[in-house]
Structure formats: C-alpha cells, structure tokens
Amino acid sequence: MGQKVNPIGLRLGINKNWESRWFPNISRMPANVAEDNKIRKFVKKELYYAGIAQTIIERTTKKVRVTIVAARPGIIIGKKGADVEKLKNNLKALVGKDIAVNIKEERKPFLSAQLAAENIGQQLERRVAFRRAMKRVMQNAIKAGAKGIKVSVAGRLGGAEMARTEWYLEGRVPLHTLRARIDYGFAEGHTTYGCIGIKVWIFKGEVLAKGIPHESTSEDKKPAAKRKRAPKKRGEQLCQCLKEQNTESK
C-alpha cells in the first residue's frame with residue numbers, strides 16, 4: 001500500500017527548503033519549535049484574508065526574522081506601513097524578543113497549493129457546490145502553468161448524512177518522483193453541516209539541478225549589462241551608405 005507521506009517533508013533538502021531556518025541548540029530546541037508554531041498560528045489568524053502562502057522564520061542568538069509570503073501584501077502593509085509596525089509590536093509582545101518582519105508578494109497565487117486549498121474552503125463556507133469550487137481552482141492552476149493538480153475534499157459533502165471523500169486529478173502528479181516540484185496545501189472549511197478537509201497537490205515540473213533552488217532577492221535583480229553589438233560587415237556598411245544617399249537625394 002502507498003503510504004500518505006507529506007510531499008514537502010519527503011523533499012526537504014532535495015528541492016525544498018525548510019520554513020524554520022535556524023541552527024538547533026538541544027536545550028532551546030523544544031521552546032523554539034513551540035515559538036515558531038505560535039508565530040505561524042498568530043500570523044495566519046490575524047492576516048487570513050491577505051492570503052498567507054508561507055511564513056518563513058529565521059533566527060540568530062537574539063533576533064527573529066519573520067518573512068511573510070502573501071498574495072495581497074497591501075493588506076498587511078497598510079497606509080505608510082502602519083499595519084506592519086502594529087504586527088511587529090504584537091509579535092514582539094507574543095514572543096518577548098526583537099522581531100524583524102519582511103513582506104514578500106506571492107507572484108503566482110494560483111500555483112500555491114495552500115492558497116488553493118483555502119480558496120476552496122472559503123467557497124464551501126459560502127455554500128458553493130463543492131465540485132464547482134474544485135474545478136474552478138483546478139482550471140486556474142492549469143492556466144497559471146501547473147503541469148498537474150490533484151484536489152481532495154472529505155466530510156459531509158453537500159450536507160449528506162454519511163461523510164465521504166471525493167477527489168479530482170488533472171494533468172499528472174508524480175508523488176513518488178523526488179525531483180518533481182510538488183507543492184502541498186491543507187485547509188478546512190467550517191460549514192453548517194460540519195468541518196470539511198481540503199488537500200491540494202500541485203505539480204510544477206521537474207528540477208534537474210542538484211540542491212535546493214536559490215530564492216531570488218531584490219539584490220539579485222540588478223539590471224543586466226547591455227550587450228555590445230558586433231561591428232557591421234563591409235557589405236552591410238555599403239547598403240547603409242546607399243540608403244542614406246537615397247534619402248538625402250529625395
């Protein structure tokens with residue numbers, strides 16, 4: 001039987017990077033893990049409608065840096081960055097440490113499995129038919145450039161007395177291929193009938209290069225140097241001269 005392993009955990013260190021990036025001290029590790037979980041829950045609860053795709057936490061001895069990857073960063077930043085300062089102060093009060101907050105934009109929200117799962121959950125809460133919600137998300141992902149997508153919903157679908165699981169697959173999702181870039185997301189929709197669990201797997205193509213792909217920063221995006229044009233050949237120069245003479249005579 002195929003065991004249901006989390007696709008992100010399976011690929012850590014192969015083509016996926018950790019979301020908590022700090023060197024563990026054995027005595028402090030349990031407290032740091034609990035702290036990371038507390039930060040993630042707080043950020044998700046406070047900024048749910050900003051579309052939080054990822055919360056990356058990096059630590060040094062005294063400071064904590066939280067990078068929030070969101071589909072709608074404007075909601076987090078607010079007018080003149082006032083909301084960011086408020087969020088920073090709230091996190092500082094929660095953890096009791098100096099916290100630096102960075103906001104990154106999720107350029108392709110339709111290719112984020114977590115955002116896709118949350119989107120389906122919100123639609124189910126608004127009483128949209130579950131099949132329509134699933135197919136809409138799948139179409140958006142394929143249009144955005146996904147090689148394949150699988151969506152699974154489980155619970156009292158359509159208010160049925162007996163809970164069941166339904167899933168749809170479009171394209172291909174090779175879960176056993178370690179070099180495949182597969183994003184996984186889980187969300188819950190709290191309907192009047194009960195809780196419905198949503199799982200989304202998105203296949204974004206295969207990574208053939210070794211190691212974790214480099215995450216581009218603003219420093220990397222420097223304008224490329226202009227290429228020098230090769231000198232014209234003698235025939236081209238003659239043609240140019242003749243064209244100039246013709247225009248002058250006219």
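Biologist: What is the relative accessible area of R164?

Modeller: This is a predicted model, in which local features need pLDDT of at least 70 and side-chain atom pairs count only at pLDDT 80 or more, while totals for chains, interfaces and linings use all residues. Residues are numbered from 1 along each chain as its sequence is written, and side-chain values use heavy atoms, with hydrogens and water left out. Buried means under 20% relative accessible area, exposed over 50%, and partly exposed in between (1.4 Å probe, protein chains only). R164 is partly exposed, and its relative accessible area is 32%.

Biologist: With which residue does R164 form a salt bridge?

Modeller: A salt bridge is a side-chain nitrogen of Lys or Arg within 4 Å of a carboxyl oxygen of Asp or Glu. The closest N and O atoms of the pair are 3.1 Å apart.

Biologist: Which residues do salt bridges that share partners join into one network?

Modeller: Such bridges form one network. Its members are E35, D36, R59 and K97.

Biologist: How many residues apart are K97 and E35?

Modeller: The side chains of K97 and E35 meet in a salt bridge at 3.2 Å, N to O. K97 is in the loop between α4 (82-95) and β4 (98-105), and E35 is in helix α2 (residues 29-46); helices (H or I, at least four residues) and strands (E, at least two) are DSSP runs, numbered from the N terminus. The pair links distant parts of the chain, and the separation is 62 residues.

Biologist: Which strand holds R59?

Modeller: R59 and D36 meet through their side chains in a salt bridge (2.6 Å, N to O). D36 lies in helix α2, 23 residues apart from R59, which belongs to strand β2.
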